[in-house]
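Thanks for coming. I have one structure to go through today, so let me put it on the screen.

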Amino acid sequence: MPLDGYERIPIEDMQDRAREFYREMSLRRSVRDFSEEAVPREVIEYSLRVAGTAPSGANRQPWHFVVAESRETKQRIRAAAEREELAFYGGRAPDEWLQAIRPFGTNAEKPYLEKAPAIIAVFAQTYRGEGDESKSKNYYVNESVGLACGLLISSLHLCGLACLVHTPSPMRFLNEILDRPQSERPYLLLIVGYPASGVRVPVISRRPFAEFVTFR
Ligand SMILES: Cc1cc2nc3c(=O)[nH]c(=O)nc-3n(C[C@H](O)[C@H](O)[C@H](O)COP(=O)(O)O)c2cc1C
């Protein structure tokens, strides 16, 4: 079929768009303290639609997103995540890992899992179909789900919402709480909302362009 909707953009406009998109995206920061204020459901929905446009291996679209909004579900996620995090910070994590995350001042307590208005749990689907006969393997699952999450985070940011990627380890407890089949692997949690007023973020630096890009 013909490529629908492609429009050639004048070079100057392309350059403006590229610069503007970079400017906007460079302002994205992870926050770890959220306001309890509700966020517009439509913004979450459209951002998830954006995620669903991501390229994927063999077009399998091997992702599922569960939006946890109810207080009860968020409380259950928080309780289970904090149990894992306690074990993680209390000895399971190797020293090197703890050193790497020290600058972020994180610990086993995750009040944002309850406070933020929405938690998006992302699941990666290793297989599609149920039962041995219709079951078939998906391809490049990690890459595909990562790309969908990148689009999701970009959309939420451009719409004016803040988010945090949180990865309690392990996070199999999410299958039970969110009623997802064992064939789906919890991939990450995305905490979404408005930043709490006066929120502070860790000082970080981003690697210089010339260090992470090479033209040949
Ligand atoms: C795969 C992944 C896992 C992460 N897991 C956590 C986490 O469990 N807890 C946390 O506080 N931040 C987590 N982060 C957030 C990073 O610490 C953060 O993105 C990084 O410090 C850069 O800061 P920025 O997002 O403000 O640019 C994670 C980020 C990614 C991409």
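**The ligand shell**

I start with the residues around the ligand: they divide into five nonpolar, four polar and two charged. For the classes, Ala, Val, Leu, Ile, Met, Phe, Trp, Tyr, Cys and Pro count as nonpolar, Asp, Glu, Lys and Arg as charged, and the others, Gly among them, as polar.

Before going further, note that this is a predicted model: local features need pLDDT of at least 70, side-chain atom pairs count only at pLDDT 80 or more, and totals for chains, interfaces and linings use all residues. Residues are numbered from 1 along each chain as its sequence is written.

Which residues surround the ligand? They are Arg29, Ser30, Arg32, Phe104, Thr106, Leu164, Val165, His166, Thr167, Leu188 and Ile204. Helices here are DSSP runs of H or I with at least four residues, strands are runs of E with at least two, and both are numbered from the N terminus.

Is S5 enclosed or open? Four of its five residues are buried, so S5 is largely enclosed by the rest of the structure. Buried means that 20 or more other C-beta atoms lie within 10 Å of the residue's own; exposed means 12 or fewer, and partly exposed is in between, with C-beta atoms placed from the backbone. S5 pairs with strand S6, residues 184–193, in the antiparallel sense over five bridges. Pairing requires that DSSP finds at least two bridges between the strands. Within this pair, His166 stands opposite Leu189 in S6, and His166 is also one of the residues around the ligand.

The loop between S5 and H8 contains Pro170. A cis peptide bond joins Ser169 to Pro170, with omega about 0°. Most peptide bonds are trans.

**Two helices**

Next, helix H3, residues 71–92. Its 22 residues reach 29 Å from first C-alpha to last, close to the 32 Å expected at 1.5 Å a residue. The expected span is 1.5 Å times one less than the number of residues. Lys74, Ile77, Arg78, Ala81 and Glu85 are buried in H3. Seen down the axis of H3, these buried residues fall within an arc of 100°, so they line one face of the helix. The arc is that of the directions from the helix axis to the C-beta atoms. On the face turned away from the buried side are the exposed residues Glu72, Gly90 and Gly91.

What do the buried residues of H3 pack against? Their partners are strand S1 (63–68), helix H5 (112–115), strand S2 (118–125) and helix H8 (173–177). Contact here means C-beta atoms, placed from the backbone, within 7 Å of each other.

Helix H1, residues 11–26, has 16 residues and reaches 22 Å, close to the 22 Å expected. The number of buried residues in H1 is zero, so H1 lies largely in the open.

**Loops**

Val31 lies in the loop between H1 and H2. It counts as buried because it has 20 C-beta neighbours inside 10 Å. Leaving out residues up to four places away in sequence, Val31 touches Ala162, Leu164, Pro195, Val199 and Val201. Of these, Leu164 is also listed in the ligand shell.

The loop between helix H2 (41–51) and S1 holds Ala58, and Asn59 is in that loop too. Phi of Ala58 is near 55°, a positive value in a residue other than glycine. Asn59, not a glycine either, has a positive phi of about 55°. Most residues other than glycine have a negative phi. Ala58 counts as exposed, with 12 C-beta neighbours inside 10 Å. Asn59 is exposed as well, with 9 other C-beta atoms within 10 Å.

**The whole protein**

Finally, the totals. The protein has nine helices and six strands. Its C-alpha atoms fill a box of roughly 55 × 55 × 40 Å, taken along the principal axes. Of the 216 residues, 24% are buried. Among contacts with a separation of 6 or more, 82% are between residues 24 or more positions apart.

Key. A residue is near a molecule or strand if its C-beta atom, placed from the backbone, lies within 6 Å of it. Two residues are in contact if their C-beta atoms, placed from the backbone, lie within 7 Å.
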